[in-house]
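Please read this briefing alongside the sequence and the coordinates.

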Amino acid sequence: MQYVNSLVWFRRDLRDFDHAALYHALKTSKNVYCVFVFDSDILDALSNKADRRVEFIWESVRELKFALQQRGGDLLVHHGKTTEIIPKLANELSVEALFVNHDYEPSAIARDAAVSTLLASNDIDYHSFKDQVIFEKDEILNLSDKPYRVFTPYRNAVLKKLDDFYLKAYPFDSYISHLAKVTTTELPSLEMIGFKRTNLAQMSLPTGMAGGKQLLADFTTRIEQYKTARDFPAVKGVSYLSTHLRFGTVSIRHLARTARNISNAGAETWLNELIWRDFYFQILHHNPQLASGHTFNSQYDQLAFPNNKQYFDAWCVGKTGFPLVDAAMRQINETGYMHNRLRMIVASFLVKDLLIDWRWGERYFAEHLIDFDFSANNGGWQWAASTGCDAQPWFRIFNPTTQSQRFDEKGKFIRKYVPELAACNDKEIHEPWKMPHSRQNELNVIIGDSYPEPIVDHSTQRALALDLYQEASR
């Protein structure tokens, strides 16, 4: 099918390279318009108007707009309801087709279906493509043509199928002249869409395509150490590309191709993490009920959590009395980021030590993580809560103190985010409540005053958690 005018709707794919929808639009259309919508249906639901995610998107949209202008086109940027703006704009521009990349969350699928229906009523075609994952939906099935429920066989199936075809880029430089010439439009300011600046500029997270490129270049110089370094939050061991993957300022195909081409133990481990990301996307596709708060394993849907609100509040602000847990929670509050090892530790602590419904933690992460992605966040929380696919067995419960001693042995990360404990030595900092009063006075670290006592006893809570899960497992 060939078109005179078409429209590409950018969503979580904020780049002007290796972009499936843009490639197909440019290849099949004489004039291609580009649009991004700050969707009020999403933004109005965000209570915090200093949201780092919105600022990250805004900065990335600004860069994308400039990049498309340099290529002879532009990015039309609107603010409002996408279900109204996209059909209206399509009619105004007299386009014959809309091109998008697949979204996989139920609410986004419903939105896209509504837009597609409205366009069809005006004889405008709708085309959607795989772009944000390597494999999707039913592309990886077991021998019974059923979706995998366990990661390792899923990964093995992916690695067996993965070849150059699935990782090839979408080059469209030869069609770039098909970008529609439009009168340059203004980008609405962050304030105009109802938000304000955060501390994003002070963080070591560069935005946009240039930021993604910069972080990947840095990571490839140290990827060989990734397999071991990734577990230690005080070490620069991870890629820091999760936010860029979330908003598509990098290409998943390019990242996976990079990992495969480097081919050392670190790169193989990183590719494994990228496959985990795909795994959770396909789990959501086959289990849309997860978006409604249901557990993957239905027997755990109604676990009788006590849900002590005071415990939850202490967890949220990083005042539980367990130093590594508190440091991790302060990190997410101050930066919108949390190291992956710490995500597992604080999730296990909330559910198995504080006996609070995992959905409370899932919601808190959804509100605070700059790289929040529903499928990965839900998958991670259900893994920690032992309610999900291929989850941590319910009888294996992290000890927050031994986790601290193992993964922040010298207390470097704790000292950064819990400075009131900075004077403790490397042993004391993991269990400051065990310091004698004389030592507390010497350091001016008074447990119960300058730093809280542990709000629970781990051994006691572990036994209660085992009873709770045992009851649900009968």
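Predicted model: local features only at pLDDT ≥ 70, side-chain atom pairs only at ≥ 80, totals over all residues.

Residues are numbered from 1 along each chain as its sequence is written, and side-chain values use heavy atoms, with hydrogens and water left out. Helices (H or I, at least four residues) and strands (E, at least two) are DSSP runs, numbered from the N terminus.

**The sheet**

- An open sheet is formed by 5 strands in the order β3-β2-β1-β4-β5, with parallel pairing, where two strands pair if DSSP finds at least two bridges between them.
- Its edge strands, each pairing on one side only, are β3 (76-80) and β5, and the twist from one strand to the next averages 25°.
- Strand β2 (residues 29-39) pairs with β3 in the parallel sense over 5 bridges, and Val37 stands opposite His78 in β3.
- Helix α3 (residues 52-70) lies across β1, β2 and β3 and runs at about 160° to β2; angles run from 0 to 180 degrees between N-to-C directions, and axes are lines fitted to C-alpha atoms, for helices over the stretch in contact.

**Helix packing**

- Helix α15 (residues 340-353) packs with helix α18 (residues 400-407) at an angle of about 170°, the axes being 11 Å apart.
- The two helices α15 and α18 are therefore roughly antiparallel to each other, a term for angles over 145 degrees.
- In this contact (heavy atoms within 4.5 Å), Arg341, Ile345, Phe349 and Asp353 of α15 meet Pro400, Gln403 and Phe407 of α18.
- The buried residues of α6 are Phe151, Tyr154, Ala157 and Val158, where buried means under 20% relative accessible area (1.4 Å probe, protein chains only).
- These residues cover an arc of only 130° around the axis, which puts them on the same side of α6; the arc is that of the directions from the helix axis to the C-beta atoms.
- The buried residues of α6 pack against α12 (265-286).

- Most residues other than glycine have a negative phi.
- Asp18, in the loop between β1 (3-10) and α1 (20-28), has a positive phi of about 40° although it is not a glycine, and Asp18 is buried, with a relative accessible area of 7%.
- Asp145, in the loop between β5 (125-129) and α6 (151-161), has a positive phi of about 60°, and Asp145 is exposed (over 50%), with a relative accessible area of 59%.

Methods: Parallel < 35°, antiparallel > 145°, perpendicular 65-115°, else oblique.
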